[in-house]
Amino acid sequence: MDMQAILQQAQQMQQQLLAAQQELDEAKVTGTSGGGLVSATVSGRGQVVDVAIDPKAIDPDDLSDSAQTIADLVIAAIRDAEREVEKLQQDKMGPLAEGLGGGPGGMPGLPGF
């Protein structure tokens, strides 16, 4: 085995990993629910950064029911955004895991990879 080549490959993969993490840090995805009445924006790392509620989602004649409906719509919008984040993370990080021999089984001999 050529140790220099292995170290060089590991260094390249580390650089690719850092670049992918940076892209995820900067990414924002938006999920919606209720036909667009509620939207949730989530970072590429999965943190909710914004929630927007269209005033049309509020029924002034039934505030109690509106509050529950809005809560349900917010949860649904966040879940929609989380699904998009998972896809984005897989797109950015999946090829790196495969390069490490990861994929579904992980990196042989290294738990958690």
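A residue is called buried when its relative accessible area is under 20% and exposed when that area is over 50%, and partly exposed describes the range in between. The model is a predicted one, and these classes are applied to it throughout the account below. R45, for instance, has a relative accessibility of 45% and therefore counts as partly exposed.

The chain may be followed from helix α1, which covers residues 3–26. Its N-terminal end is capped by D2, which places a side-chain oxygen 3.2 Å from the backbone nitrogen of Q4. M13, A20 and L24 are the buried residues of α1. I6 also belongs to this helix, but its relative accessible area of 33% makes I6 partly exposed. Together with M3 and L7, I6 makes a nonpolar surface patch of about 290 Å².

The strands come next. Strand β1 (residues 28–33) pairs with β2 in the antiparallel sense, over six bridges, and K28 stands opposite S43 of β2. Four residues separate β1 from β2 in the hairpin that they form, and in its turn G34 has a positive phi of about 60°. On its other pairing, β2 runs antiparallel to strand β3 (residues 48–53), with five bridges between them. Within β3, D50 is the bridge partner of T41. β2 and β3 likewise form a hairpin with four residues between them, where G46 in the turn has a positive phi of about 95°.

Strand β2, residues 38–43, takes part in both hairpins. How many of its six residues are buried? Six of the six are, and the strand is mostly covered. Side chains in a regular strand alternate between the two faces of the sheet.

A search of the whole structure finds four salt bridges. One of these joins K92 to E23, with the closest N and O atoms 2.6 Å apart. This pair links distant parts of the chain, since K92 lies in helix α2 (residues 63–99) and E23 in helix α1, 69 residues apart. K92 is partly exposed at 29% relative accessibility, and E23 falls in the partly exposed class at 38%.

R45 forms a salt bridge with D25, the closest N and O atoms being 2.8 Å apart. Because R45 lies in the loop between β2 and β3 while D25 lies in helix α1, this pair ties together parts that are 20 residues apart in sequence. D25 has a relative accessibility of 40% and so counts as partly exposed, as does R45 at 45%.

A further salt bridge is found between K87 and E84, whose closest N and O atoms are 3.3 Å apart. What separates these two residues along helix α2? They are three residues apart in the helix, and therefore about one helical turn lies between them. K87 is partly exposed with a relative accessible area of 49%, and E84 is partly exposed with 30%.

Key
Residues are numbered from 1 along each chain as its sequence is written. This is a predicted model: local features need pLDDT of at least 70, side-chain atom pairs count only at pLDDT 80 or more; totals for chains, interfaces and linings use all residues. Side-chain values use heavy atoms; hydrogens and water are left out. The expected span of a helix is 1.5 Å times one less than its number of residues. Buried means under 20% relative accessible area, exposed over 50%, partly exposed in between (1.4 Å probe, protein chains only). A polar contact is a pair of N or O atoms within 3.5 Å; within protein, one must be able to donate a hydrogen and the other to accept it, and residues adjacent in sequence count only if both atoms are side-chain atoms. Patches are made of residues with over 30% relative accessible area and no salt bridge: like charges are joined within 9 Å, nonpolar side chains (Val, Leu, Ile, Met, Phe, Trp, Tyr) within 5 Å. Accessible areas come from the Shrake-Rupley method with a 1.4 Å probe; for residues, only the protein chains shown count as cover. A salt bridge is a side-chain nitrogen of Lys or Arg within 4 Å of a carboxyl oxygen of Asp or Glu. Two strands pair if DSSP finds at least two bridges between them.
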